[in-house]
Amino acid sequence: MKRDLQIWVFGNHRNDPKDRSTLQLLAKARSLAGDEGTVTGILVGHLLEEIAKKYIACGAQRVLLVDHPKLAFYRADLWTTIVSDLVREYKPEILLVGASEFGKELAPRVAKRLGVGLWIGTERQKG
Amino acid sequence: MKIIVCIKQVVTGDQVKIHPQTHGLVRTAGCSALNPFDLFALEMAVQLKKEHAGSVTVLTMGPKISEEVLREALAIGADRGILLSDPRFAASDTLATSYVLGMGIRKIGPFDLILCGMRTTDSDTAQVGPQLAEELDLPHVTGVEKLQRMKNLFRVERVSDGFREILEVSGPALFTISSKGIVHLPSLVEIQEAFIKYPIEFWNLEDLNADPAKVGMVGSGTWVERLIPIAPQKSCAFIEGDIRQQARLLLSKLIEKNLLS
């Protein structure tokens with residue numbers, strides 16, 4: 001596997017700070033990426049700068065923030081388009097999505113649009 | 001209203017066999033059943049048919065024995081059963097499965113609504129519903145509890161990550177149905193009729209005009225490297241002695257296993 005892995009973590013911010021799964025994923029991504037890889041958090045929504053800072057503090061080297069008042073509420077169709085377009089443009093090797101209910105609604109559709117494999121309920125990954 | 005329900009024959013019981021080459025599950029009649037989560041989608045479809053008139057078509061992809069679950073769906077109230085079956089479809093992951101189901105639905109023609117179960121009891125990915133919606137370029141909502149039809153709109157209600165959401169979705173659309181509802185089981189007469197009255201239609205790769213490079217293992221984005229059945233490990237120990245000794249021994253065992261802190 002490539003050494004300078006680009007790992008993305010989808011920022012599931014709706015239940016922040018109660019739901020800490022994104023922070024846990026960022027930590028997992030950080031250890032997968034090693035010294036040469038980079039971890040990017042993806043945030044889609046409105047007024048999320050505080051959360052972006054938290055992601056940086058928890059292991060992301062970079063956060064891509066898509067901010068618009070129309071993105072105040074989660075919508076699987078809009079989010080699919082935004083996340084897929086970002087992945088096509090920046091071409092990360094791995095996108096990690098927390099298995100929240102929204103994550104499970106979004107991730108399969110993104111994988112299908114990109115024509116890539118998706119494994120759900122992942123507990124351990126092998127390098 | 002034309003409704004299509006996608007169902008799956010799942011592997012049940014603890015006699016699961018794993019194919020030595022594909023590492024997939026071997027599906028045989030003895031250890032297969034209709035995915036229980038699909039019952040809720042079927043129930044919703046049959047209720048909508050009663051309210052709005054129309055038809056319910058059930059669709060599944062699988063080996064020939066999957067005909068059984070289509071019969072079961074017919075007994076519950078579906079009108080037409082279609083089995084997408086071809087040896088080349090074997091070992092399809094969700095990406096390839098959603099393609100095959102999508103091609104089947106294109107062949108069926110115009111529809112108002114596609115319903116799926118929320119997940120399956122065997123592979124449990126909950127991916128095929130959303131991926132089928134993407135394949136057919138339809139809006140989708142997962143885990144729907146209530147569904148109302150309003151002209152060209154569907155108003156749906158569900159709970160997602162602790163929020164009750166009420167959404168309006170333009171049709172045609174795909175919904176996966178929550179398992180919080182109630183299902184009714186068919187009577188013996190209905191089961192008997194389902195085996196006598198209706199023919200099941202079998203469509204293969206050529207019937208669907210499907211691209212062989214997009215189905216089966218070659219059309220999949222994931223491959224199973226290894227599959228290890230986990231045998232549930234239970235052990236039983238008897239504690240001997242008088243009542244005090246038994247209590248002391250039980251206490252020490254609980255502390256030893258870190259069950260009391």
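## Exercises on a two-chain predicted model

Arg14(A) is buried, and Glu165(B) is buried as well (buried means under 20% relative accessible area, exposed over 50%, partly exposed in between, with a 1.4 Å probe and protein chains only). This is a predicted model, where local features need pLDDT of at least 70, side-chain atom pairs count only at pLDDT 80 or more, and totals for chains, interfaces and linings use all residues. Residues are numbered from 1 along each chain as its sequence is written, chains are lettered from A and ligands numbered from 1 in the order in which they are written, and side-chain values use heavy atoms, with hydrogens and water left out.

### Exercise 1: A pair across the chains

Find what joins Arg14(A) to Glu165(B).

Solution. 

Step 1. Start with the general idea. Side chains of opposite charge can pair when their charged atoms come close.

Step 2. Apply the cut-off. A salt bridge is a side-chain nitrogen of Lys or Arg within 4 Å of a carboxyl oxygen of Asp or Glu. Arg14(A) and Glu165(B) form one, with their closest N and O atoms 2.6 Å apart.

Step 3. Helices (H or I, at least four residues) and strands (E, at least two) are DSSP runs, numbered from the N terminus.

Step 4. Look for shared partners. Salt bridges link Arg14(A), Glu105(A), Arg158(B), Asp161(B) and Glu165(B) into one network.

### Exercise 2: The interface

Describe the contact between chain B and chain A.

Solution. 

Step 1. Count residues. Chain B gives 28 residues and chain A gives 21 residues. Contact means heavy atoms within 4.5 Å.

Step 2. Give the area. The size of an interface is often given as the accessible area lost when the parts come together. Here about 2,000 Å² is buried between chain B and chain A, and carbon and sulfur atoms give 45% of it. Buried area is the accessible area (1.4 Å probe) that two parts lose on being put together, summed over both.

Step 3. Count the salt bridges. There are 6 between chain B and chain A.

Step 4. Count polar contacts. Between chain B and chain A there are 17 residue pairs in polar contact, both at pLDDT 80 or more. A polar contact is a pair of N or O atoms within 3.5 Å; within protein, one must be able to donate a hydrogen and the other to accept it, and residues adjacent in sequence count only if both atoms are side-chain atoms.

Step 5. Name the elements. On the side of chain B that touches chain A, two or more residues each come from α3 (94–108), α4 (128–135), β9 (140–150), β10 (153–160) and β11 (163–170) of chain B. The largest share, 5 residues, comes from α4(B).

### Exercise 3: One arginine

Is Arg109(A) buried or exposed?

Solution. 

Step 1. Locate Arg109(A). This residue lies in helix α4 (residues 101–114) of chain A.

Step 2. Check the accessibility. Arg109(A) counts as buried because its relative accessibility is 4%.

Step 3. List neighbours. Not counting residues up to four places away in sequence, Arg109(A) touches Thr80(A) as well as chain B residues, including Pro130(B), Glu134(B) and His140(B).

Step 4. Follow Glu134(B). Arg113(A) forms a salt bridge with Glu134(B), at 2.6 Å between the closest N and O atoms.

### Exercise 4: Backbone exceptions

Where do cis peptide bonds occur?

Solution. 

Step 1. Recall the rule. Most residues other than glycine have a negative phi, and most peptide bonds are trans.

Step 2. Take chain A. The bond from Asp16(A) to Pro17(A) is cis, with omega near 5°. Pro17(A) is in the loop between β1 and α1.

Step 3. Take chain B. The bond from Gly171(B) to Pro172(B) is cis, with omega near -10°.
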